[in-house]
Amino acid sequence: MPTTGARIANASCMNMSSRSGAGDNVEDLLEKASRLRREAEELKDLVPVRSDGGGQENVMPKKVVYTSLGDSTWEVSYRFASDAVKRDDDDNNDEEMKTLVFYSGKVSIQLTNDGFTNILESESTSKSTLTFQKFWGWDEETSNEDELQYILFSADVDLPSSDPNYDEKKKQNNSIRFYFQCEVIRDSRTGEITMRDGTVTLKKDIKPPGGFW
């Protein structure tokens, strides 16, 4: 769903894919992860091999299908910057893009039935690492502009000290709120939910120019 704001983050790449774990809460997932690690240690000598004796067999994970967003888990692949670029000012975009620091990685989240969003795990793939401090509640809405379904949620992100927007005066609170949205697609036959066209936006006030009228 289109969002409003004085400045919009120019780096707006996001993708959401389903993860296994339907019906599990965060505590259950953590307990299962711990149990699986213990079992892996116990079974490390029992490695399955291919019939041709060529080594370890590759086992494809079972595809997870969701027909409801409530109580579902998703992997969010992202790439965005910590500052915004005005979309309507193409002349300055090239210069502004040179100063942007881009972050990329994956974060796994759980959408609960009561509208909350839990962080399960996070992985960075960029040189500089940011930290997802908190995900806020999620909501599904129908856009008034294109009448499509979108999922919306936001996250508070802690910036590293190397980021140009890091404020030394606010060492304990260098978080920025990013807004995520993604189109929700439901298969008309099976009801399976998939996501596409994910975007990340940053709402930021612009200081008014000097002078008067």
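Is Arg177 buried, exposed or partly exposed? Arg177 is partly exposed, with a relative accessible area of 34%. Here buried means under 20% relative accessible area, exposed means over 50%, and partly exposed lies in between (1.4 Å probe, protein chains only).

A word on the model. It is predicted: local features need pLDDT of at least 70, side-chain atom pairs count only at pLDDT 80 or more, and totals for chains, interfaces and linings use all residues. Residues are numbered from 1 along each chain as its sequence is written, and side-chain values use heavy atoms, with hydrogens and water left out.

Now the charges. Side chains of opposite charge can pair when their charged atoms come close. A salt bridge is a side-chain nitrogen of Lys or Arg within 4 Å of a carboxyl oxygen of Asp or Glu. The whole structure holds five salt bridges.

One of them joins Arg177 to Asp156, with the closest N and O atoms 2.8 Å apart. Arg177 sits in strand S8 and Asp156 in strand S7 (residues 149-158), so the bridge ties together parts 21 residues apart in sequence. Strands (E, at least two residues) are DSSP runs, numbered from the N terminus. Asp156 is buried, at 10% relative accessible area. Salt bridges with shared partners also join Glu183, Arg196 and Asp197 into one network.

Strand S8 carries another pair. Arg186 and Glu140 meet in a salt bridge of 2.7 Å, N to O. Arg186 belongs to strand S8 (residues 175-186) and Glu140 to strand S6 (residues 139-142), so parts 46 residues apart in sequence are tied together. Arg186 is partly exposed at 37%. Glu140 is partly exposed at 23%.

Next, look at Glu75 and Lys106. Their side chains form a salt bridge at 3.9 Å, N to O. Glu75 is in strand S2 (residues 72-81) and Lys106 in strand S3 (residues 102-111), 31 residues apart. Glu75 has a relative accessible area of 21% and is partly exposed. Lys106 is partly exposed too, at 35%.

Finally, the core. A nonpolar core is a set of buried Ala, Val, Leu, Ile, Met, Phe, Trp, Tyr and Cys residues joined through side-chain atoms within 4.5 Å. The largest one has 31 residues, and Phe132 and Ile151 have the most contacts inside it. Strand S8 gives the most to this core, with five residues. Contact means heavy atoms within 4.5 Å. Beyond its neighbours within four places in sequence, Ile151 is in contact with residues including Met16, Trp138, Glu140 and Phe180.

Notes. Helices (H or I, at least four residues) and strands (E, at least two) are DSSP runs, numbered from the N terminus.
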